[in-house]
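This briefing is meant for a reader who is meeting the structure for the first time. It begins with confidence and then takes up chains, domains, strands, helices and single residues in turn.

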Amino acid sequence: MGELLRVTDVVKRFPVGRGLLLRKPTAEVHAVDGVSFAINSGETFALVGESGCGKTTTANLVLRLLDADAGRIEFAGEEITHRTGKRLRELRRDIQMIFQDPVASLNPRMTVLDIVAEPLVAQGRRRGATGQVAELLERVGLDPDHAGRYPHEFSGGQRQRIGIARALALSPKLIVCDEPVSALDVSMRAQVLNLLLDLQTDLGLTYLFISHDLSVVRHVCDRVGVMYLGKIVEVAEREQLFGGALHPYTQALLSAVPVPDPDVEVNRRRIVLQGEVPSPLHPPPACRFHTRCWKVETICRNETPELEVRCGQHKASCHFAEPRAAVEIQA
Amino acid sequence: MRPATSQAQPMASGDASTAGRPLLEVRDLRTEYRSPSGIVRAVDGVSFTIDPGEVLAVVGESGCGKTATALSILGLIPRHAGQVVGGQVLFEGEDLLSVRAERLRQIRGDRIAMIFQEPTLDPVRRIGDQISEVLRAHRALSHHDAWNQAVEFLGLVGIPRAAERARDYPHQFSGGMRQRALIAMAVALRPDLLIADEPTTALDVTIQAQILELLLEVRRSLGMAVLLITHDLGIVAGFAERVMVMYGGRKVEEAPVRSLYRQPKHPYTWGLLGCTTRLDGNRRDRLPQITGAPPSLISPPTGCRFAPRCPHAQELCRASYPALLQVGDRHRAACHFAEGEEWGSS
């Protein structure tokens, strides 16, 4: 079980233009600001956070769909941050992706056969593609006889399976799953999550799992990184994170997730955050969470807390880190 | 403040006493949508009641008919898309399906308000003006007074510097604030019933927590009843008093919140609870799952709509639609085997 992916201090900023004629960039969105993490072969690492925290940008940097402004990305020991051309195309076989929206991510004018075969064709492996597609469809629980159909003839859950089959076509090592079940109904969600778990067991896949839903993360992930305004504020193994999150933001995030049990909900101690996420155009100085944190003190406004190891593999960037259970019940 | 609605109520309804009468009673509601491939029976004989001040949640997956039910109650099914084809919607005894359009407009907004998933505000008008307009449509208020009340309600729903922010346009508000503004607009007339259709689905989880807390607070202070439409069993657990589960355009189970979660009687409810990911779940493992997909409502299965996906289905289930059985205190389920077997155990 070696390390498959290592991301070190990556930075991505997007210029925001103003003005009609010159289009001078007047400001920058700090989408990803010094993010580091590593994923071991065969494990599932989740990046969680709310809209605009930079989790999808991080995924796109790993996929090399975006180029990092700074930092390093290593895949299987090879630096890939600035790979281009032929080598980048070879890398695409090893790193694939599953998208959030099963409608928008499938071309409505292509048959399932063409959609799933497209990565094979793009890599010049057109011969025998039909047979491979049939196998892939079977693998993800679809009827190979339906390969001639169009995406609209399938339900949401089935469409997501088509997207998974396409991602599997080139036998990748790493699959980036960007909110793979967010657009699905509860009963479909369980089916797709189970499929992802089964595929991992059978094929030894490694997942980078992007999600805003911590209850989903609890079911599928080995390790979790929590992002807030372009930075990772906490990284931990699943049991550590859900058993005793250290960062106040993680605690608030966990506390905001409703639990489907009236007895728990009635007696639950909640942290309801005040205000909303500040603009990533002008992130707050020092600790980025200090504007919404209930533990805030002077030091939080002046000194940036480091992402430090607190215990075992558990890291958090907070001056006042203290563990709190995901679901705290009133005594 | 209330218009004299009691005079408008039909006297023929039999029970003279209004005490104990539900605020809203929906009887055998049927709604159909037209589609290129045929008639979609979106709501197929749904009945339920809401008492004054009660919070009822309607739960189900996409296409189960929960939103169509809400739109039918308010007469908001677009005419080109479909229509209510049967049933009664009795609001304080008055059938909203047969009243004149003008009367329905009076009730809508004033006595029954609705908030939607996507904040629906006019992008080119100031927030304060939009709320004042609602107030002036139903109350004899000067522009000035309406504006002041709008500001007051924006403050009540937690918009900071409300007097200033009332002059903003919707794009100057964040998603969470737009939803707050919409709640202000919905409750400004102190309705008796608020219909909230997935009010927090488009929001981030920390903002969702804020909005749900706000809704509970507003409901406590105004004492209104709430019909909450959601797919999220977590939200229902913390928010509602009673739950109705819909599947394939029908009600399959209804119960007080605790009984539904403790002793679900319908296999669909049981499956839904089982396959929901939980924050307090045990370990990384496969989830129990409901196989297959929801039925087509153009040609729904004969018999129980859930039978094709039900692990316990028998011949009887495929042949005849199960009646709603009383299975506990205010707990009903539409399953042939609801009483014989303990779905909730094992």
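**Confidence in the model**

Over residues 340-346 of chain B, pLDDT stays under 50, and for these residues the model has 9 contacts beyond four places in sequence. This is a predicted model, and its scores are ipTM 0.86 and pTM 0.88.

- Chain B as a whole has a mean pLDDT of 88, with 91% of its residues reaching 70 or more.
- Residues 1-17 of chain B are another stretch over which pLDDT stays under 50, and here the model has 10 contacts beyond four places in sequence.

**Where chain B touches chain A**

- The contact between the chains involves 38 residues of chain B and 38 residues of chain A.
- On the side of chain B that touches chain A, at least two residues each are supplied by α8 (205-222), α9 (233-239), α10 (257-262) and α11 (267-275) of chain B.
- Of these elements, α8(B) gives the largest share of that side of chain B, namely 7 residues.
- By residue class, the side of chain B that touches chain A divides into 15 nonpolar, 14 polar and 9 charged residues.

**The two domains of chain B**

- In the domain assignment of chain B, domain 1 covers 22-240, while domain 2 is made up of 246-278 + 287-345.
- The C-alpha centres of domain 1 and domain 2 of chain B are 28 Å apart, and 23 residues of domain 1 of chain B are in contact with 16 residues of domain 2 of chain B.
- On the side of domain 1 of chain B that touches domain 2 of chain B, the elements giving two or more residues are β2 (38-50) and α9 of chain B, and the largest share, 10 residues, comes from β2(B).
- The residues on that side of domain 1 of chain B divide into 12 nonpolar, 7 polar and 4 charged.

**An open sheet in chain B**

- Four strands of chain B, in the order β2-β1-β4-β5, form an open sheet with antiparallel pairing.
- The edges are taken by β2 and β5 (94-95) of chain B, each of which has a single partner strand, so one side of each is left without a neighbour in the sheet.
- Within this sheet, strand β1 (residues 24-35) of chain B runs antiparallel to strand β4 (residues 82-91) of chain B and is joined to it by 8 bridges.

**A covered strand in chain A**

- Strand β9 (residues 223-228) of chain A is mostly covered, with 5 of its 6 residues buried.
- With strand β3 (residues 44-48) of chain A, β9(A) pairs in the parallel sense over 4 bridges, and A:G225 in β9(A) is the bridge partner of A:L47.
- With strand β10 (residues 231-237) of chain A, β9(A) pairs in the antiparallel sense over 6 bridges, and A:M227 stands opposite A:I232 in β10(A).
- β9(A) and β10(A) form a hairpin with 2 residues between them, and A:L229 in the turn has a positive phi of about 45°.

- Helix α5 (residues 156-168) of chain A has 13 residues and reaches 19 Å from its first C-alpha to its last, which is close to the 18 Å expected at 1.5 Å a residue.
- Because 13 of the 13 residues of α5(A) are buried, this helix is largely enclosed by the rest of the structure.
- A:S171 lies in the loop between α5 and β7 (174-178) of chain A, and it has a positive phi of about 50° although it is not a glycine.
- A:S171 counts as exposed because it has 11 C-beta neighbours inside 10 Å.

**Two further residues**

- A:R64, found in the loop between α1 (55-62) and β4 (70-75) of chain A, has a positive phi near 60° in a residue other than glycine.
- A:R64 is partly exposed, with 19 other C-beta atoms within 10 Å.
- B:A196 has its place in strand β7 (residues 193-197) of chain B and is buried, with 27 other C-beta atoms within 10 Å.
- Leaving aside residues up to four places away in sequence, B:A196 touches B:I115, B:L215, B:V226, B:L228 and B:I229.

How values were computed: Residues are numbered from 1 along each chain as its sequence is written. Chains are lettered from A and ligands numbered from 1 in the order in which they are written. This is a predicted model: local features need pLDDT of at least 70, side-chain atom pairs count only at pLDDT 80 or more; totals for chains, interfaces and linings use all residues. Two residues are in contact if their C-beta atoms, placed from the backbone, lie within 7 Å. Ala, Val, Leu, Ile, Met, Phe, Trp, Tyr, Cys and Pro count as nonpolar, Asp, Glu, Lys and Arg as charged, and the others, Gly among them, as polar. Domain bounds come from an automatic or database domain assignment. The expected span of a helix is 1.5 Å times one less than its number of residues. A residue is buried if 20 or more other C-beta atoms lie within 10 Å of its own, exposed if 12 or fewer, and partly exposed in between; C-beta atoms are placed from the backbone. Two strands pair if DSSP finds at least two bridges between them. pLDDT is the predictor's confidence in each residue, from 0 to 100.
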